[in-house]
Amino acid sequence: MKSNYSLIPLLLSKNLGSGKKIASSLLRIGKAHYIPKRDYGYNHFKNLSLVYFKPTGACNLRCKMCGQYGEKGVMNDCAAEENKKILPLETWKIFIDQILVQKPVIYVWGGEPFLYPDIFPLCKYAIDKGLLVSVNTNGTLMEKHAERIVSDRWSTIFVSLDAFRETNDELRGKGTYDKVIAGFNAINREKEKQKTKYPLLSIVTCVTNKNYTDLANLCEASKEHKIDMHIFNLGTYTNDNIVRAQKKYMKEIFDTDIDCLDAYNTGYNLGIDGQKCYQILHNIQEKNYGHPIITVPTLNPQKTHTYYAELETPVRNHCVVPWCQLNVNYNGDVHFCADYPDFIIGNIKDTPIKEIYNGDRADKFRKALRESKGGMFPGCLRCYQNMLFGKKIKGF
Ligand SMILES: C[S@@+](CC[C@H](N)C(=O)[O-])C[C@H]1O[C@@H](n2cnc3c(N)ncnc32)[C@H](O)[C@@H]1O
Ligand code: SF4
């Protein structure tokens with residue numbers, strides 16, 4: 001299985017300038033593993049390499065495994081109320097000006113980013129300032145906005161597709177597959193018209209027990225759509241024991257109640273045949289679909305069963321996220337963990353980001369994480385960011 005670092009040559013070959021920016025961000029994140037993990041009294045802000053923007057928590061879909069709107073999603077009962085709290089464009093612009101000095105890569109997600117009313121001016125502002133902006137979307141509104149996406153030079157669009165038509169639509173909603181394909185076609189038409197390679201098109205597939213046997217069909221279909229890369233996200237899962245341990249830990253150390261982790265206690269990992277799943281992914285990687293395919297995390301094939309069936313066994317540890325990344329929520333709250341925004345280190349409406357990132361709450365989190373077993377909390381066991389950037393445990 002190939003890792004995210006294997007994409008660097010592709011990115012450099014598409015455009016040297018943009019490729020270098022991503023390579024530099026990835027290398028800075030990689031370096032964070034090798035420099036001492038300090039906490040209090042240090043300027044951490046100078047190592048900021050990747051910033052997640054979540055401009056909206058609203059979404060037009062209800063995907064079954066989603067931590068926000070799935071069966072146990074945290075947004076299910078409060079989306080309308082929470083949507084009133086979105087930040088005005090001006091606040092995002094001030095924030096962008098504050099992080100500019102570090103030249104971090106920007107990853108926009110949500111909710112569904114196209115539902116943020118000023119998504120285009122927001123991305124354009126960052127791009128015009130020289131930042132690389134990628135957007136993760138469900139792709140259902142991409143066709144409508146194709147001309148603008150291409151003319152504004154978004155760097156990469158990560159589009160979620162979980163299987164070929166029928167299975168995808170069972171998970172993500174009726175008609176979603178065809179809307180995404182119409183979006184790909186519109187973007188490709190615009191790229192040709194506007195004579196550009198950007199944005200790169202990436203499919204992101206979340207592997208669950210509902211779709212893992214159908215992945216090759218999706219790859220076969222994707223050959224027609226000029227896809228630049230395909231990422232298989234092996235999925236964020238947890239169980240009762242892990243949730244209990246995390247709640248206890250976070251209450252004791254930070255006096256914080258944990259609501260978000262439970263949303264990933266979905267059971268969509270259960271019953272996955274590790275050997276079969278590995279074989280499917282292996283066959284996909286052996287075949288030439290015309291674009292690179294990676295998995296997150298990359299895994300020793302023998303451990304695929306462990307990943308899905310033994311959630312309490314770590315496969316990555318020593319998370320580096322608080323030393324090089326941050327996430328800004330739709331209401332301005334800043335936190336390190338994208339999927340688990342329970343521990344807030346500040347809010348960009350009140351405080352400059354450098355002050356927040358080097359502040360007391362951020363350092364308290366760093367110190368606690370550094371001192372925890374394996375450099376991670378109990379709830380970090382299958383966290384997507386840890387899977388992407390955590391330290392590979394020997395044998396996995
Ligand atoms: C929460 S969505 C937000 C962006 C956009 N709405 C979308 O669907 O792409 C971000 C990514 O998380 C993935 N995702 C949803 N539920 C997940 C889970 N339980 N484990 C891992 N990834 C998940 C989605 O498939 C998507 O690629
Ligand atoms: S489109 Fe994205 S945010 Fe919306 S429900 Fe699906 S995975 Fe969740």
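**Notebook: core, helices and ligand shells**

I first looked up the largest nonpolar core: among its 116 residues, V51, I106, C123, V133 and V320 touch the most other members. I take a nonpolar core to be a set of buried Ala, Val, Leu, Ile, Met, Phe, Trp, Tyr and Cys residues joined through C-beta atoms within 7 Å. A residue is buried if 20 or more other C-beta atoms lie within 10 Å of its own, exposed if 12 or fewer, and partly exposed in between, with C-beta atoms placed from the backbone. Helix α8 (residues 176-193) supplies the largest share of this core, 5 residues. Helices (H or I, at least four residues) and strands (E, at least two) are DSSP runs numbered from the N terminus.

I note that this is a predicted model, in which local features need pLDDT of at least 70 and side-chain atom pairs count only at pLDDT 80 or more, while totals for chains, interfaces and linings use all residues. Residues are numbered from 1 along each chain as its sequence is written, and chains are lettered from A and ligands numbered from 1 in the order in which they are written.

**Entry on V51.** Leaving aside neighbours within four places in sequence, I found V51 in contact (C-beta atoms, placed from the backbone, within 7 Å) with I99, P104, I106 and L326.

**Entry on the ligands.** Which residues come nearest to ligand 1? Of the 20 around ligand 1 (C-beta atom, placed from the backbone, within 6 Å), they are M65, N138, S160, C206 and T236. Strands β3 (133-137) and β5 (200-206) are the elements that give two or more residues to this shell. I then listed the residues around ligand 2, including C59, C63, C66 and N138. That shell divides into 5 nonpolar, 4 polar and 2 charged residues. Here Ala, Val, Leu, Ile, Met, Phe, Trp, Tyr, Cys and Pro count as nonpolar, Asp, Glu, Lys and Arg as charged, and the others, Gly among them, as polar.

Key: Contact = placed C-beta atoms within 7 Å.
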